[in-house]
Amino acid sequence: MARCPLCGAPLDWAGLIEQMLTMENAREVFSDGEKFMKAFEEFVFKCPSCGEEFYGRNLPAKEAEKVFSLLNEFRGSIDWERGKVRLRLNNLLALDTMLERWDERVKG
């Protein structure tokens, strides 16, 4: 799971995405995977633990891609009016990773 590149504290993906929801064109960005990844890499996040800022490109891109997929797979995953994520993204990412590993073991 994602960790702050400066202090090493675990990061909550929902909190990171909520920071991105403040962008002017957030709805447009969250509807296109390519735009999302470009905006994610260039976005300046703030760590809730140490308060330091860092670019999204310092976080795992594979996890960010999965987060994008999860947000678009589940309708109503974002409360646009309140700027909140309704999904427990860290839990879903952990489950997705477990299922991928299970598939690898079963197949090979």
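Colleague: Which residues does Glu63 touch, not counting residues up to four places away in sequence?

Modeller: Glu63 touches Met1, Ala2, Trp13 and Leu93, where contact means heavy atoms within 4.5 Å. This is a predicted model, in which local features need pLDDT of at least 70 and side-chain atom pairs count only at pLDDT 80 or more, while totals for chains, interfaces and linings use all residues. Residues are numbered from 1 along each chain as its sequence is written, and side-chain values use heavy atoms, with hydrogens and water left out.

Colleague: What makes the approach of Glu63 to Trp13 a polar contact?

Modeller: A polar contact is a pair of N or O atoms within 3.5 Å; within protein, one must be able to donate a hydrogen and the other to accept it, and residues adjacent in sequence count only if both atoms are side-chain atoms. The side chains of Glu63 and Trp13 make such a contact at 2.8 Å. The Glu63 side chain also reaches the backbone nitrogen of Ala2, at 3.2 Å.

Colleague: How do you know that Glu63 has no salt bridge?

Modeller: A salt bridge requires a side-chain nitrogen of Lys or Arg within 4 Å of a carboxyl oxygen of Asp or Glu. For the buried Glu63, the nearest side chain of opposite charge, Lys66, is 7.7 Å away. Lys and Arg count as positive and Asp and Glu as negative, whereas His and the chain ends are not counted.

Colleague: Which salt bridges does Lys66 form with Asp96 and Glu100?

Modeller: Lys66 meets Asp96 at 3.2 Å, N to O. That pair links distant parts of the chain, with Lys66 in helix α4 and Asp96 in helix α5, 30 residues apart. Helices are DSSP runs (H or I, at least four residues), numbered from the N terminus. Glu100 forms a salt bridge with Lys66 as well, the closest N and O atoms being 3.0 Å apart. Through shared partners, Lys66, Asp96 and Glu100 are joined into one network.

Colleague: Why is Lys66 called buried?

Modeller: Buried means under 20% relative accessible area, exposed over 50%, and partly exposed in between (1.4 Å probe, protein chains only). Lys66 has 17% relative accessibility, so Lys66 counts as buried. Asp96 is partly exposed because its relative accessible area is 28%, and Glu100, at 30%, is likewise partly exposed.

Colleague: Why does Met98 count as exposed?

Modeller: Met98 has 55% relative accessibility and therefore counts as exposed. Met98 lies in helix α5 (residues 89-107).

Methods: Helices (H or I, at least four residues) and strands (E, at least two) are DSSP runs, numbered from the N terminus.
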